[in-house]
Amino acid sequence: MKFFIVFAALFAVALARPDVEIVKQVSDVGPDAFVFETETSDGAAHNAAGVLNNAGTDHESIAVRGTYTWVDEKTGERFTVNYVADENGFQPEGAHLPVA
């Protein structure tokens, strides 16, 4: 369910800019896993894959791996974030992000 919320939020952001069009949108959603890819005409992209772990137990959780990319409107610089989101929280990595 959480991945639907994230997907819907990203889709809404893409639609918020009338000059940006979705140029690619692919999704495959099943009861125990999902995969999606989205690209917009401004160079932004998001893809992710998730699986349901421990289905039907008290420890049921979803594990997601993904990447999102965008281009800064002012500098033209491309930023990419690779992430894992699972029972340990959201764990992003990117060259522009600070490291502890």
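Is Ser61 buried or exposed in this predicted model? At 18% relative accessibility, Ser61 counts as buried, because the limit for a buried residue is under 20% relative accessible area. The legends below treat this residue and its surroundings in a series of close-up views.

**View 1. Ser61 and its contacts in the predicted model.**
Ser61 belongs to strand 4. With neighbours within four places in sequence left aside, the residues in contact with Ser61 are Val51, Leu52, Asn53 and Glu87.

Strands of a sheet pair through backbone hydrogen bonds, in either a parallel or an antiparallel arrangement.

**View 2. The hairpin of strands 1 and 2.**
Seven bridges pair strand 1 with strand 2 (residues 33-40) in the antiparallel sense. The two strands are joined by a hairpin through three residues. Ile22 stands opposite Thr40 of strand 2.

**View 3. The salt bridge between Glu37 and Lys24.**
The structure holds one salt bridge. The side chains of Glu37 and Lys24 form this contact, with an N to O distance of 2.9 Å. Glu37 lies in strand 2 and Lys24 in strand 1, so the pair ties together parts that are 13 residues apart in sequence. Glu37 is partly exposed, its relative accessible area being 32%. Lys24 is likewise partly exposed, with a relative accessible area of 31%. Side chains of opposite charge can pair when their charged atoms come close.

**View 4. The hairpin of strands 2 and 3.**
Strand 2 pairs with strand 3 (residues 45-53) in the antiparallel sense over seven bridges. Four residues lie between the two strands of this hairpin, and Gly43 in the turn has a positive phi of about 95°. The bridge partner of Thr38 in strand 3 is His46.

**View 5. Strand 4 and its two partners.**
Strand 3 and strand 4 run antiparallel and are joined by nine bridges. Arg65 stands opposite Val84 in strand 5.

Val20 is placed in the loop between helix 1 (2-16) and strand 1. With 12% relative accessibility, Val20 counts as buried. The C-alpha atoms of Val20 and Ser41 are 5.6 Å apart in space, whereas the two residues are 21 residues apart in sequence.

The largest nonpolar core has five residues in all: Phe34, Phe36, Ala48, Val64 and Tyr83. In soluble globular proteins, nonpolar side chains tend to be buried together. Tyr83 has a relative accessibility of 9% and so counts as buried. Neighbours within four places in sequence aside, Tyr83 is in contact with residues including His46, Asn47, Ala48, Val64 and Arg65. Further contacts of Tyr83 include Gly66, Thr67, Tyr68, Phe90, Gln91 and Pro92.

**View 6. Aromatic pairs around Tyr68.**
Five aromatic pairs are found in a search of the whole structure. Tyr68 and Trp70 form a stacked pair, with 6.0 Å from centre to centre and 20° between the planes. Both residues are partly exposed: Tyr68 at 27% relative accessibility and Trp70 at 30%. The rings of Tyr68 and Tyr83 have centres 5.9 Å apart and planes at 50°, so this pair is tilted. Ring pairs join Tyr68, Trp70, Phe79, Tyr83 and Phe90 into a cluster.

Key: Residues numbered from 1 in each chain as written. Predicted model: local features only at pLDDT ≥ 70, side-chain atom pairs only at ≥ 80, totals over all residues. Heavy atoms only, no water. Pairing = 2+ DSSP bridges. Buried < 20%, exposed > 50% of the residue type's maximum accessible area, 1.4 Å probe, protein only. Contact = heavy atoms within 4.5 Å. Core = buried A, V, L, I, M, F, W, Y, C linked by side-chain atoms within 4.5 Å. Salt bridge = Lys/Arg side-chain N within 4 Å of Asp/Glu carboxyl O. Phe/Tyr/Trp six-rings, centres within 6.5 Å; stacked < 30°, edge-to-face > 60°.
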